[in-house]
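Biologist: Before we discuss this model, may I see the sequence and the structure side by side?

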Amino acid sequence: MLQLLILKLHTFEKNQNMNKLIILLFASLVPTYTISAQQPIKSDPKFVTHYEKNNFNRTPRYAETVEFCKLLDVNSPIVTYTSIGLSPQGREIPLLIADKDGLTSPDAIRAKGRSVVLVEAAIHAGEPDGKDAGLMLIRDIALYNKFPGILDNVSLLFIPIINVDGHEDFGSFYRINQNGPEEVGARYTAQRYNMNRDFIKADAPETRAFIRLYKKWMPELFMDIHVTNGADFQYVSTYGVDHCGFLNDNLLKWTNNVYEKKLIEGMAAAGFPIFPYFESYGMNQRSGVLPNNFPPQYSNGYASANNRIGILVENHIYKPYKQRVESSYNMILQTLKIIGDNSRELQREIADADNSSASGMFRKDSLPLMFSHDFKDSIVVDYLAWKDKKVKSDLSGADWTYSDRTSPVTIRLPLFTTYKKELMVKLPKAYLIPQEQIETRELLDLHGIKYSTLNSDTTINVETYRFVNPKWSEFPNEGRVTLTTGYTTQKEYVKFSKGDMIILTAQPKVKIIAHMLEPKSPTSLVYWGFYNLYARPATEFWIRLNYMEVKGREMLAKDSVLKREFETKKATDPAFANDPQAILQFFMTKVRENVEPNVNRYPVGRLL
Ligand SMILES: [Zn+2]
């Protein structure tokens, strides 16, 4: 699936001075345009962004950003400013809609045959590249008509700042290793959530606002723009799209063979060659790299599990801010072009993927909730790196290896590209969830999962999980005491009540359902602690052990089966027979079994 990437990288000029190349290519890319009578004059200072006015190394604060968004709205019939909701500190989360006809509803836009691209910036507010890129691009499209026809078959939803409160925790002390802008916001929200782990559990109000938008629009493609840390290399932008199979097969192929291929080509032509966002394999970053694996607690993984394309853009922290913004600008522009040019074909692939997920056939094979590298196949790609330089540090005295940015090198790098399926689950026909699980119900509603409710009390034969050896995290993760647990699987008759929820898995969001409800998922509600009270041993049992001297006699007198069991155990187990505490405990255990037949049972039933 990365075949095309190799070809492209191989044809890319080797050992060039990249900076010179980028400048040349970028200069040749700047299109010529004509200004018609109705259009504003380019030099009108009010349309120059804060970033452009400030030597390309400052990013606007929240208020200036919203003001610029409203300016675009007022001055262009194709741009609409709106908000997707309020942050905990009371800020409107801004959204710009750019549609050729000024349409603002998904139905009206889809009726024109257009696809929808959603771009989000500043989820980690210290990483604002996408904000400045998107504001310029929308201006260039809407006011300057720089890219005529670009919105013929695609509309753009743009969130310049999603983490609006974190963004206003502003200063020069965050991301000190980032090469501009001069001041930025914080990684976390005001409530200290990392929103890019929050796409399933949706603890942050900002995440819930985002998911409501996502559910309403179901954008064909969602781009989330970040800045990464890590190894130094020539690329300004790296990217992550699904290579594993979180997407249905047909859509995975389309994503890799059409979108990814064309994006690589388009970005190279624009002077910003891109490379997959990767992890080093082993200690040496040059011994092999791996494209990453994103389950749906991450933004792009959330899109994949919804059968929609998700792309993570990770700009490189050491690149000057101007280069990062320009590369982001081109990532959005190229994406609009590719999705617009292939709008109907992509819509057909998505409809096929949705229909396939919603068909009973989808349950035939087990569903993998994760993937891992099988190291079976690697391909060799050209990787644009810097030469390593070793010196004796005059600061620390250590042997210091650093990347020499005046010496570009092209390295032949093995890239592992094949995955094996992990955490397989056999999907049930339906899940049954007791109505008292109100947090789960709220999440079902939020994510747009369809369900019905029982109209009478019923006892149903379902498969259940009983937690075995539950282990809670010592420290909270994202504020939650998380649970990893084994479980046994059994069939049993369980009483469900009128009003309990039945969720059929034959629906397009089946993968979101499975990631929420199957305890094995790395982002299941069980993992996040929603069901902690069902996995912990009962402690509300205030009967003293020596009361069994009374109760034990009573039980033996009433129950001949129990009497036989007790006498056999005494006859065959001398340690038991000679341990008064164990004997009393024998009766206590029986009493508890009656009181707590469902102890350690996960209350979500699986109807097979
Ligand atoms: Zn980030």
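Biologist: Is Glu127 buried or exposed, and what is its relative accessible area?

Modeller: This is a predicted model in which residues are numbered from 1 along each chain as its sequence is written, and side-chain values use heavy atoms, with hydrogens and water left out. Local features need a pLDDT of at least 70 and side-chain atom pairs count only at pLDDT 80 or more, while totals for chains, interfaces and linings use all residues. With a 1.4 Å probe and protein chains only, buried means under 20% relative accessible area, exposed over 50%, and partly exposed in between. Glu127 therefore falls in the buried class, its relative accessible area being 2%.

Biologist: Which residues coordinate the zinc ion, and at what distance?

Modeller: Donors are the N, O and S atoms within 2.8 Å of the metal (3.2 Å for Na, K and Ca), and since water is not among the atoms, a site may look incomplete. Along the chain, the donors of the zinc ion follow the spacing H-x2-E-x98-H, and one of them, His124, is buried at a relative accessible area of 4%. The coordinating atoms are ND1 of His124, OE of Glu127 and ND1 of His226, at 2.1 Å.

Biologist: With which residues is Asn194 in contact, leaving aside its neighbours within four places in sequence?

Modeller: Asn194 is placed in the loop between helix H7 (164-167) and helix H8 (205-217), where helices (H or I, at least four residues) and strands (E, at least two) are DSSP runs numbered from the N terminus. At 4% relative accessibility, Asn194 counts as buried. Taking contact as heavy atoms within 4.5 Å, and leaving aside those neighbours, the partners of Asn194 are His124, Arg187, Tyr188 and Glu478.

Biologist: Which residues touch the most other members of the largest nonpolar core?

Modeller: A nonpolar core is a set of buried Ala, Val, Leu, Ile, Met, Phe, Trp, Tyr and Cys residues joined through side-chain atoms within 4.5 Å. The largest such core has 123 residues, and those that touch the most other members are Met223, Tyr259 and Ile311. The largest share of this core, 9 residues, comes from helix H11 (residues 321-341). Not counting residues up to four places away in sequence, Met223 touches residues including Leu118, Met331 and Thr335, and the answer to the question remains Met223, Tyr259 and Ile311.

Biologist: At what angle do helix H9 and helix H12 pack?

Modeller: Axes are lines fitted to C-alpha atoms, for helices over the stretch in contact, and angles run from 0 to 180 degrees between N-to-C directions. Angles under 35 degrees count as roughly parallel, over 145 as roughly antiparallel, 65 to 115 as roughly perpendicular and the rest as oblique, and H9 and H12 are therefore roughly antiparallel to each other. The axes of H9 (residues 249-269) and H12 (residues 343-357) lie 8 Å apart, and the angle is about 155 degrees.

Biologist: Which residues of H9 make the contact with H12?

Modeller: On the H12 side the contact involves Glu345, Leu346, Glu349, Ile350, Asp352 and Ala353. The residues contributed by H9 are Asn250, Leu251, Trp254 and Val258.

Biologist: Why is helix H14 largely enclosed by the rest of the structure, and how many of its residues are buried?

Modeller: The cover over the buried residues of H14 includes helix H10 (299-305), H12, strand E11 (367-373), strand E15 (430-433), helix H13 (438-447) and strand E19 (501-504). Among the buried residues of H14 are Val510, Lys511 and His515. The helix, residues 510-517, is described as largely enclosed because the number of its residues that are buried is 8 of the 8.

Biologist: What is omega for the cis peptide bond that joins Gly180 and Pro181?

Modeller: Most residues other than glycine have a negative phi, and most peptide bonds are trans. In the loop between H7 and H8, which holds Pro181, Ala202 also lies, and the phi of Ala202 is near 50 degrees, a positive value in a residue other than glycine. For the cis bond between Gly180 and Pro181, omega is about 0 degrees.
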